[in-house]
Amino acid sequence: VKVEAAQYGDRRVYSVSAFNRGVADWLSRLPTVWVEGEVTELKRQRAWASVFFTLKDPTDGACLPVSMARGQFDALQLNLAEGERVHVYGRPELFAAKGDFRLRALTVERFGVGDHLAALERLKKKLAAEGIFASERKRALPFLPTTIGLVTGNDAAAKRDVLTTITTRFPPAHVVVAETYVQGPRAAREMIAALRDLCSLGVDVIVLARGGGSFEDLLPFSDEQLVRAVASCPVPIVSAVGHEQDTPLCDLAADVRASTPTAAGRLVVPDLDELTTRLRALRNALERGTRRALERERERTDRLHERLSRAPRLALERKRAAIEQTAGRLRALSPRATLTRGYAIVRAGDALVQSSTQVQPGTLVDVELAEGGFGARVEETR
Amino acid sequence: MTEPTFEQAQRELEQIVERLEHGRAPLDEALALWERGEELYRVCAGRLDAAQAKIEELAKRVEASRPSE
């Protein structure tokens, strides 16, 4: 395309129309590409030859206007919902009359399960590399939360399950419920806002619950912004969303993952009955222990007292025995005991005869034996 | 002299009993030890009675504060 310019001295000046045509020409030489984004502001009218929508980047909100021939668009029968993720195959284009830049779509493909899976896997790897799912990040749940936040759908069975479990186990529990969309394109944003609101209300634990759903239904729970919000939430979060098969990323980022909403309810509050029973048992054990200690000391003291009462008599008996023994030894040393061994005491007059010089033949002596005695006359001396 | 603790009294009582049971103490001393031992026993038993009374009182108070079931 030849673009005419007017000459003002050494300045080349283009008309708006010429400029737009020129840029449009340049743009038309760019290749046809696939662009991924979320469909918003879809406008379709019978009178228009084209449908218009804006493709939005979910991560940073960057926008790209898209137009597509109405006949082609209708033929696809996509029935796209606001916020739905798509791949658009098209070429950049400048609508010359208005200077509007946009992507001229040749076809639109709904983001399929396979695409979602691939995107999820990429996101999971990226977040894992950042340490968002790391076990060191997990916080312990408070033992007795003062206020529990619950983020759930407005009439969800999940909500009922969590509330019933909590109030059955711990009747005085205080639960603040934040009802949000839990599926569809607005869900992630609303849940992020709900988390923030609950935190500002001062809850000390949050339950994020949804009772299952299809793969697509659970997609908001893998939304990057929501997963980051869960990980960086100032209070611990229990996530009860996933199925057995597919785990939404928010389950991985939460501090504790519960298999069901009921399980989540069990995790956030203790069982009051059980607690009371245990406390009572502990108190009883305390009393029993104290009584046992007292009993032990009493028995020991009583035993000591018994020994003490016996001890003086024992000591006395032992002394008496010692005296008896001494007396025995004394008695053993008396002359009479010697006589029993065959010795005799010889007296002349009153004097004990201890030497033959004390007597001479004819002297009368008195002989004393162990038993009795006799008189005798000395025959000879030696 | 400050009152001995329960453990002190019990320990001394123990020592006295052992000394008496060995029978090495002179008779006069044995009698004195016995007297001292009885005194220590009274101290120990008194402490135990006081502890017992305290336990009963606490148990009664806990019983009273327990919510009726």
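Two strands count as paired if DSSP finds at least two bridges between them. Strands here are DSSP runs of E with at least two residues, helices are runs of H or I with at least four, and both are numbered from the N terminus.

What you have on screen is a predicted model, where local features need pLDDT of at least 70, side-chain atom pairs count only at pLDDT 80 or more, and totals for chains, interfaces and linings use all residues. Residues are numbered from 1 along each chain as its sequence is written, chains are lettered from A and ligands numbered from 1 in the order in which they are written, and side-chain values use heavy atoms, with hydrogens and water left out.

I will start with the barrel. In chain A, five strands close up in the order β3-β4-β5-β7-β6, with mixed pairing. From one strand to the next the twist averages 55°; angles run from 0 to 180 degrees between N-to-C directions, and axes are lines fitted to C-alpha atoms, for helices over the stretch in contact.

Now the pairs. β4(A), residues 50-56, runs antiparallel to β5(A) and is joined to it by seven bridges. Touching means contact, that is, heavy atoms within 4.5 Å.

β5(A), residues 63-69, is parallel to β7(A), residues 100-110, with three bridges between them. There, A:Ser67 has A:Arg104 as its bridge partner. β6(A), residues 85-95, pairs with β7(A) in the antiparallel sense over ten bridges, and A:Glu93 is partnered by A:Arg102. These two strands form a hairpin with four residues between them, and A:Gly99 in the turn has a positive phi of about 70°.

Next, two helices. The axes of α5(A), residues 187-201, and α6(A) come within 9 Å and cross at roughly 15°. That angle makes the two roughly parallel, a term for angles under 35 degrees. Among the residues making the contact are A:Met191 of α5(A) and A:Leu226 of α6(A).

Last, one residue. Where is A:Arg210? A:Arg210 sits in the loop between β10 (205-209) and α6 (224-232) of chain A. A:Arg210 counts as buried because its relative accessibility is 10%, the cut-off being under 20% relative accessible area with a 1.4 Å probe, protein chains only. Leaving aside neighbours within four places in sequence, its contacts include A:Asp217 and A:Phe221.

Terms used: Buried means under 20% relative accessible area, exposed over 50%, partly exposed in between (1.4 Å probe, protein chains only). Angles under 35 degrees count as roughly parallel, over 145 as roughly antiparallel, 65 to 115 as roughly perpendicular and the rest as oblique.
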